[in-house]
Amino acid sequence: MSDETVPASGRESGGSAPSPGTRRPGGRTARTRAAVRDAVLAGLTEHGYPGLTVEYVAAHSGVHKTTLYRRWKDIEGLVADALDLAGEDSWVPPDTGSLEGDLRALAQEVVVSFTDPAVAASGSAMIAAAFQSERAADALRDYYTERFARCEALVERAVRRGELAADPDSAAEAAATPHRGIDAGALVRSVSAPLFFRLFITREPVDDTVAEQAVAATLAAAHAGAFTVTDRADASPGAAP
């Protein structure tokens, strides 16, 4: 097992180790970070946050525990960085040609992500860790903030197609000014919110029927103007729901 993860130039210059979540160039550092991330996810899935140890991550990543302590400090740092790295992917929201189709595809992704045995355990473990670590909670919040920000494109497209009027009194103006007057973040969150509530609060099963209900409720609310805001500044990209 190697203790060699920080480039030699960093050691010679006396540079400090990167803080959790710091993005570094590719190469060996990127491979090390990915290996550590995979070990963290495996440990959370196998033992949960309380049972995850630096020794486990070292054994399963091939990175010496001295390096783990130096770069990530502790288990909280490891979990937070694993979430940060998960958000650096190339995922894009679905583009089916209609708002209804896009929202349905998003809802089905949630259902599959947390019900398919092949992928559900690691995602659930990460969310469970956020209930036990403030730093993990912050990282999870940042992860989903980024995800929902990407999904605002769904609302922009719907407005351009005339499926939604950002301002009920001026559909033409709304189409010319994408997602003006609509809280895009709240609209997209309203699809996944009831699914996450059943998954992690009431622990009820979710399936395609529940997903369809969430989509139908969101569309009805959107067409009723529930996500239209009167203060245009509140409708800026990334606005909180």
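1. A salt bridge here is a side-chain nitrogen of Lys or Arg within 4 Å of a carboxyl oxygen of Asp or Glu. By that rule, the count for this structure is 13 salt bridges. The model is a predicted one, and the points below should be read with that in mind.

2. Overall fold. The protein chain has 11 helices and 0 strands. Read from the N terminus, the order of elements is α-α-α-α-α-α-α-α-α-α-α. The chain has 241 residues, of which 41% count as buried.

3. Lys65 and Glu55. These two residues form a salt bridge, with 3.8 Å between the closest N and O atoms. The pair links distant parts of the chain: Lys65 belongs to helix H4 (residues 65-72) and Glu55 to helix H3 (residues 54-61), and the two are 10 residues apart. Lys65 has a relative accessibility of 37%, so it counts as partly exposed. Glu55 is also assigned as partly exposed, because its relative accessible area is 40%.

4. Arg104 and Glu100. Here the closest N and O atoms of the salt bridge are 2.8 Å apart. Both residues lie in helix H6 (residues 99-115), and their spacing of 4 residues is about one turn of the helix. Arg104 is partly exposed, because its relative accessibility is 25%. Glu100, with a relative accessible area of 38%, is partly exposed as well.

5. Arg198 and Glu204. The side chains of Arg198 and Glu204 meet in a salt bridge, at 3.9 Å from N to O. Arg198 has a relative accessible area of 22% and is therefore partly exposed. For Glu204 the relative accessibility is 34%, so this residue counts as partly exposed too.

6. The largest pocket. Its space comes to about 740 Å³. The lining consists of 29 residues, and those closest to the centre of the pocket are Ser113, Phe114, Tyr143, Tyr144 and Arg147. Which elements give two or more residues to this lining? They are helix H2 (28-51), helix H5 (75-86), H6, helix H7 (120-130), helix H8 (134-161) and helix H10 (184-200). Sorted by class, the lining of the largest pocket has 21 nonpolar, 4 polar and 4 charged residues.

7. The second largest pocket. About 430 Å³ of space lies in this one. It is lined by 16 residues, with Ile127, Leu140, Tyr144, Phe148 and Phe196 the closest to its centre. At least two residues of the lining come from each of H7, H8 and H10. By class, the second largest pocket is lined by 12 nonpolar, 2 polar and 2 charged residues.

8. Nonpolar surface. Phe131, Phe197 and Ile201 make a nonpolar surface patch of about 360 Å². Phe131 is located in the loop between H7 and H8. Is Phe131 buried or exposed? Its relative accessible area is 62%, and exposed means over 50%, so Phe131 is exposed.

9. Val57. This residue is part of helix H3. Because its relative accessibility is 0%, and buried means under 20%, Val57 counts as buried. Leu41 is 16 residues away from Val57 in sequence, and their C-alpha atoms are 9.3 Å apart in space.

10. Ala224. This residue is in the segment after helix H11 (208-223). With 67% relative accessibility, Ala224 counts as exposed. Its C-alpha is 10.0 Å from that of Leu164, although Ala224 and Leu164 are 60 residues apart in sequence.

Terms used:
Residues numbered from 1 in each chain as written. Predicted model: local features only at pLDDT ≥ 70, side-chain atom pairs only at ≥ 80, totals over all residues. Heavy atoms only, no water. Buried < 20%, exposed > 50% of the residue type's maximum accessible area, 1.4 Å probe, protein only. 1 Å grid on protein atoms, 1.4 Å probe; cavity = no way out; pocket = protein on both sides within 12 Å on 5 of 7 lines; lining within 4 Å. Points joined across faces, edges and corners; volume = space filled by probe spheres on them. Nonpolar A, V, L, I, M, F, W, Y, C, P; charged D, E, K, R; others polar. Patch = residues over 30% accessible without salt bridge, like charges linked within 9 Å, V, L, I, M, F, W, Y side chains within 5 Å. Areas by Shrake-Rupley, 256 points an atom, 1.4 Å probe, with all protein chains shown as cover.
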